[in-house]
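Here's a friendly walk through a protein model. Have the sequence and the 3D view handy as you read.

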Amino acid sequence: MDKMKKLPKINLGGLKKYTVMFILVILMVLFSFSSPYFLTVRNLTNIITQNTYFIILAIGLSFVMIGGGIDLSVGWQMSLVGVVTAMMMVVYHLPVWLAVLIGILLGTLLGLFNGLIVTNIKVFPLIVTIATSTVFQGLSYIVSKANTFRGYPEEFLQLAKGKFLGVTFDVWLTILVVLLASFVYYKTSYGWNVLALGGNEEAARLAGIKTKAIKISVYTVCGFFTAIATMVMISKANTTNSMFGPGSEFTALTAAIVGGISFMGGEGNMLGLVAGVFILAVLGNGMQLAGWGTYAQYIVKGLILLGAVTFDEYQKTARRKAHKATTDQPTDKH
Amino acid sequence: MPETILTVRNIIKTYPGVVALNDVSVAFEKGEIHAMLGENGAGKSTLIKVISGAIEPDQGVIAFGAREYHKLNPAISRENGVAVIYQEFSLVESMSVAQNVFLGEEQGFLVSHKALKLRAGKVFEAMHVDIDPSAQVRKLSPAKKQLVEIAKAVSQNAKILVMDEPSAPLSASEVETMFGIIGKLKDQGVTIIYISHRIEELFRISDRVTVMRDGRYVDTLITKKTNRKELINLMVGRELKEYYPQRTIIPSDVVLEVKQISGLGDKDISFSVRKGEILGVAGLVGSGRTELANIIYGAMPKESGETWVEGIKRDIQSPDKAIEYGIGLIPEDRKHHGCILNASVQFNIALSTFNKNAKFFVVDAKGHKETARYYLEKFNIRTPSLDQRVTNLSGGNQQKVVLAKTLAANTNILIFDEPTRGIDVGSKQEIYNLMVELVNQGKTIIMISSEMEELLGISDRLIVLSEGKFMGEVPKEKFDQRYVIELASGHH
């Protein structure tokens with residue numbers, strides 16, 4: 001017991017939470033020196049409003065990741081949901097609420113589809129979702145016939161334009177989603193089920209948790225949030241075609257990992273995730289202002305993803321080593 | 001005068017916050033079987049890793065005869081004739097036996113599979129074992145895999161063979177085969193460093209035994225001149241008698257009855273167990289005991305058979321059903337099946353109950369905290385806090401967390417699968433005390449164990465399995481180790 005107390009407390013999760021915030025602040029300071037325009041209200045507002053849908057998307061993805069899986073199909077899910085919702089409004093002239101409802105229902109079903117496949121054929125979800133992603137891509141182009149849809153009803157545009165207390169609705173929606181997700185993880189049995197699933201699937205199953213159902217559900221929840229993110233994205237753009245969405249999965253994935261959602265499942269926090277999205281956003285914005293081209297930004301984004309995954313893996317290894325050290329000594333003495 | 005082949009002198013190895021090896025010196029002689037004994041965490045494995053070059057000591061000397069080193073790496077260690085067989089085998093599962101035997105040997109650019117097979121065949125012949133050199137390693141039993149590892153060491157002309165708990169995955173007859181082989185190696189002048197928890201084995205084969213405790217060297221004894229009691233005392237550093245506390249309850253009504261359960265290799269197994277009883281399940285590794293436990297618990301599918309709980313027939317197809325009917329499982333593989341290592345102590349204890357106790361999906365965090373505190377105190381779980389990750393606890397404390405999780409779900413029929421495996425002597429005693437306390441409270445225990453001594457010591461009754469078949473039931477009056485072992489090895 002005495003020896004146990006002397007052990008260094010290993011709590012890299014907490015360290016990580018603050019590291020992410022710290023990095024964000026450092027970046028902002030750096031860029032404020034490189035461009036006088038960076039720290040203006042207008043620019044910062046832009047950064048926030050341009051990234052709301054990435055936050056919602058990353059939160060959806062976080063359910064899958066914390067549950068120990070991965071979903072690379074969210075980009076093409078957005079594409080398909082986007083064109084279907086747009087067509088409901090622009091081509092079929094359905095009321096906005098119905099079009100949105102259909103879109104969200106569709107996204108949820110696509111997620112359910114992923115979940116059913118992942119749980120029934122036991123292949124890496126990485127491969128499964130690359131495959132379903134291709135299916136969604138085909139569906140999206142068949143449905144849209146490669147057309148672009150624009151001119152949404154004013155009500156729909158309000159989502160990104162309309163303001164409450166000086167803040168646009170999509171920002172409020174994002175705050176709501178972040179709070180909801182935090183609540184789900186910390187306070188609800190559903191969140192605990194997801195954490196248990198990602199922490200150790202077999203131990204969770206033997207403890208009586210219905211792991212298969214939970215696993216299907218995380219992909220479904222992911223599809224649901226992906227659809228909501230899609231609404232924000234196309235409302236903001238006031239246009240869409242099948243090219244809208246793909247690529248977002250990498251931004252969301254990178255942000256999630258940078259923000260401390262473990263690639264191996266079982267842990268993560270929503271505030272870190274939000275910070276992760278903004279780190280990427282600030283980098284992108286800062287590099288743009290500094291005159292770097294889009295292509296250079298791709299390179300930086302890729303390197304950040306690599307760096308974040310390395311850090312994640314490094315932490316796990318460090319913990320394993322620390323664990324070895326603790327089990328390799330007598331803690332069990334009276 | 002025996003020739004000293006390997007000496008470690010004044011080895012110190014520290015990890016953050018822990019001294020794993022504290023000034024350890026041991027000398028190993030040529031052609032001896034030298035056993036290393038100590039509780040978990042005594043430093044045996046760390047010392048082995050120093051010898052094999054897997055880790056570098058902070059201080060000290062490793063000497064192979066006149067060649068002295070302050071640190072080794074695996075290549076240097078190997079050059080000096082050291083071969084290590086770890087508990088987790090280091091074989092390439094997808095390759096053939098022959099390829100594995102000569103893995104790491106320079107083969108030239110083109111590999112002649114035929115020549116490899118012939119050479120491997122010769123190695124096995126010399127060992128008097130029958131293994132097909134062209135078989136894929138994946139398809140071999142653990143016993144055969146171990147033989148391949150030994151063959152690998154032999155083919156490298158190893159002078160010092162280190163074996164870490166080699167008998168753990170083996171059945172009784174396989175252990176005999178292994179003893180025969182290492183005896184032969186010894187005759188050829190190979191030094192064998194043999195690490196084991198099983199004291200009986202050391203008396204069978206070792207020439208000398210070194211005892212370690214708390215990272216320190218305690219003593220080296222000539223096996224013939226010592227006894228079990230002395231070794232245990234040296235290991236734990238105090239007088240200790242494993243004892244099984246007094247029962248205050250007489251087994252009453254039947255609470256669980258299984259009828260003709262078949263599946264996963266088990267055939268037609270029927271037995272019943274009473275309230276307040278400890279039913280031991282004996283059998284060798286591979287006899288179908290764990291499978292039986294998993295079938296009853298609904299963790300694995302069965303082909304046929306019925307389960308009756310408190311006189312009612314129950315269809316248990318998943319663990320959550322078993323828990324609902326009051327059956328709990330403390331799994332054999334504690335780290336992978338019993339708990340979530342990276343989650344907190346509190347979360348682990350809440351694992352089986354948070355769904356049931358949630359109100360409108362909101363978990364009863366406060367209640368779970370109280371429950372966790374209760375078990376922390378009751379079971380004397382040594383952890384700095386409820387938020388500590390389970391991975392940072394010792395084996396015995398992890399096991400208590402698993403038990404707390406199971407009991408928190410109000411289970412009263414508890415299946416313990418190898419509850420004391422990999423747990424040191426002191427914690428073992430605590431686990432026995434807990435088990436007896438539980439039955440005294442009117443719970444029922446089914447205990448699977450490979451340790452005959454604890455099985456005979458704690459059970460009221462035994463059932464014996466062999467190769468998936470029910471071999472018989474042994475009442476307490478007839479408890480006799482030899483009789484049970486005979487049943488378990490398939491003899492009537």
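## Chain A at a glance

Of the 334 residues in chain A, 50% are buried (a residue is buried if 20 or more other C-beta atoms, placed from the backbone, lie within 10 Å of its own). Chain A has 14 helices and four strands; these are DSSP runs numbered from the N terminus, with helices being H or I of at least four residues and strands being E of at least two.

A quick note on the model: it is predicted, so local features need pLDDT of at least 70 and side-chain atom pairs count only at pLDDT 80 or more, while totals for chains, interfaces and linings use all residues. Residues are numbered from 1 along each chain as its sequence is written, and chains are lettered from A and ligands numbered from 1 in the order in which they are written.

## The cores

Now for the nonpolar cores (sets of buried Ala, Val, Leu, Ile, Met, Phe, Trp, Tyr and Cys residues joined through C-beta atoms within 7 Å). The largest one holds 162 residues, and A:Ile56, A:Leu61 and B:Val464 are among those touching the most other members. Helix 11 of chain A (residues 211-237) gives the most to this core: 15 residues.

A second, separate core has 61 residues, including B:Ile62 and B:Leu231.

Over in chain B, strand 11 (residues 254-263) and strand 12 (residues 266-274) run antiparallel, joined by six bridges (strands pair if DSSP finds at least two bridges between them). B:Gly263 sits opposite B:Asp266 of strand 12.

Technical notes
A residue is buried if 20 or more other C-beta atoms lie within 10 Å of its own, exposed if 12 or fewer, and partly exposed in between; C-beta atoms are placed from the backbone.
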